[in-house]
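Open your viewer and get ready to select a few helices with me. We will go from stop to stop and look at what is there.

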Amino acid sequence: MKQHFNGDAYAQTTNELTARGAQRRKLLSIFGGTAVAATIITSCSKDDDGPSMPTDGIDLGSGDPGILNYAYALEQLEAAFYTQVITTLYTGITASEQALLTDIRDHEIAHREFFKTALGSAAIPGLEVDFSKIDFSSRDSVLATAKAFEDLGVSAYNGAGKLIQSPDYLLLAGKIVSVEARHAGYIRDLISNGSFADSTVIDTNGLDKANTPADVLTVAAGFLKSKLNGSNLPTS
Amino acid sequence: MNINNILTEIEKVDPEVYDRLDTRRSAMRQFAKASGRIALTAVPFLLGGMFKKAYAGTTESIGDVLNYALTLEYLEAEFYKAAVASSGLIPAGAPTAAITTIRDHEVAHVNFLKAALGSLSVTPVDQPTFDFSGGKGSGNGPFKNAFSDYGLFLAVAQTFEDTGVRAYKGRAAELMSNNDVLTAALNIHSVEARHASHIRSMRRANLNNSSIKPWITLKDTGGIGAAVQASYDGEEVTSQAGIEIKNINGAAISAEAASESFDEPLTKDQVLAIVDPFIVP
């Protein structure tokens, strides 16, 4: 199996999708009203995830490359966050916390760079983050954000598994998601020892959460200046 | 390339090929959409993905994977049940609370997998008789004090959790034809990883050893030793899908960090060999 995507094929896909986007915008202007147009656009393509998925911004693409770009976007967010955490350590950080948060930073950078390389010319650009809501000097603020990111990442990979067509990419997602879950367990224990897998994330069947790209991207948007368009991602 | 010819040829050996592909509507839709605009060189790749999904798993093979998972969950559930019941083993307070949480999850996984198998009309395997000493029924294996020696108990727990994570990962692809089962397996898989993380943090604190981390570094057993090495062999790789992670794109990523950032799968045979000493034949 080729590890790198066919750049030309992707460029063609992108052009096609851009053309389709232009068609949709035309539809929008013809119908004028937002609600009516939204309904029509949703019914135009089964692949759309409903009105909550923005259709402008950076196009993540479709199929497996789309899912990999989706993961790449999340890893960019996490890597940028932990890079800032280690650059401006929070007050009262212990040596153990600093060492393990540095490990996590390195893991997220490794994930980010892996996806960037694997996607090649199909990769979305580097994203601009918005961390204005985070107080990096505060342990509580940093750890609460870290917990949100890690739990979100776990649920994103769990939810994306069924959308992946290639067994090789499914395995890669599996290799990463368990590391995110290890992070999540550790961060949660730092906030409250023993909360590594509490009932806010694990249901009565002992199952973790799985979220759709639409839900995950909505949460991620709160930490991004760049706008992401996941409307072409597979939904089943 | 003539796709109709390919399908006709496949039909000669598998008359149900069209049914299989029809049940993979999303794959067909994606293929139909993509083949119109993707360069011809990419078509074999798309076709490969489509057929892999269509043939990824029958009810029988999915049942086999779920029964395999059930066996591992039986092992974990019975192990933690016995540990919690061993008075004086686990310190009161946070340690007992954590192990009780994990025990409850493993019991829930057993029940969930049994129900899932039932819904597929596959008979769940019986629970084996376990020998948690790792002595294959002799009761005299390397972990014979696991229910009286807290450190040894945590060592076995870490090994079971890390092995469980690797085991689910190794067989996820066999579940690709059933989205619900695949998602449920992934949702169990990440819970096992959360458990592994916590057990490792417990060992880090208990042994006051900062080289034991919530993640797996290279193929390090965390000081447990040769008896569990098979559960960690293969974790040391630093290359993924042909891409070297160490110092990737100029980032200062050590071999340790590169290995930690990806957990590796184990095959069915590797896992069965690992758990074999814990099962009374």
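Start by selecting H4(A) and H6(A): H4(A) passes H6(A) in a left-handed crossing (the near helix is turned anticlockwise from the far one by less than a right angle). Helices here are DSSP runs of H or I with at least four residues, numbered from the N terminus. This is a predicted model, where local features need pLDDT of at least 70 and side-chain atom pairs count only at pLDDT 80 or more, while totals for chains, interfaces and linings use all residues. Residues are numbered from 1 along each chain as its sequence is written, and chains are lettered from A in the order in which they are written.

H4(A) covers residues 95-119, and its axis lies 12 Å from that of H6(A) at an angle of about 155°. The two are therefore roughly antiparallel (angles over 145 degrees). Show the side chains in contact (heavy atoms within 4.5 Å): among them are Phe114(A) and Phe115(A) of H4(A), which along with others meet residues of H6(A) including Leu172(A) and Val179(A).

Now move to chain B and select helix H6(B), residues 94-119. Just after H6(B), Ser121(B) takes a positive phi of about 60°.

Finally, select residues 21-55 of chain B, where pLDDT stays under 50 (pLDDT is the predictor's confidence in each residue, from 0 to 100).

Methods: Side-chain values use heavy atoms; hydrogens and water are left out. The expected span of a helix is 1.5 Å times one less than its number of residues. Axes are lines fitted to C-alpha atoms, for helices over the stretch in contact, and angles run from 0 to 180 degrees between N-to-C directions. Angles under 35 degrees count as roughly parallel, over 145 as roughly antiparallel, 65 to 115 as roughly perpendicular and the rest as oblique.
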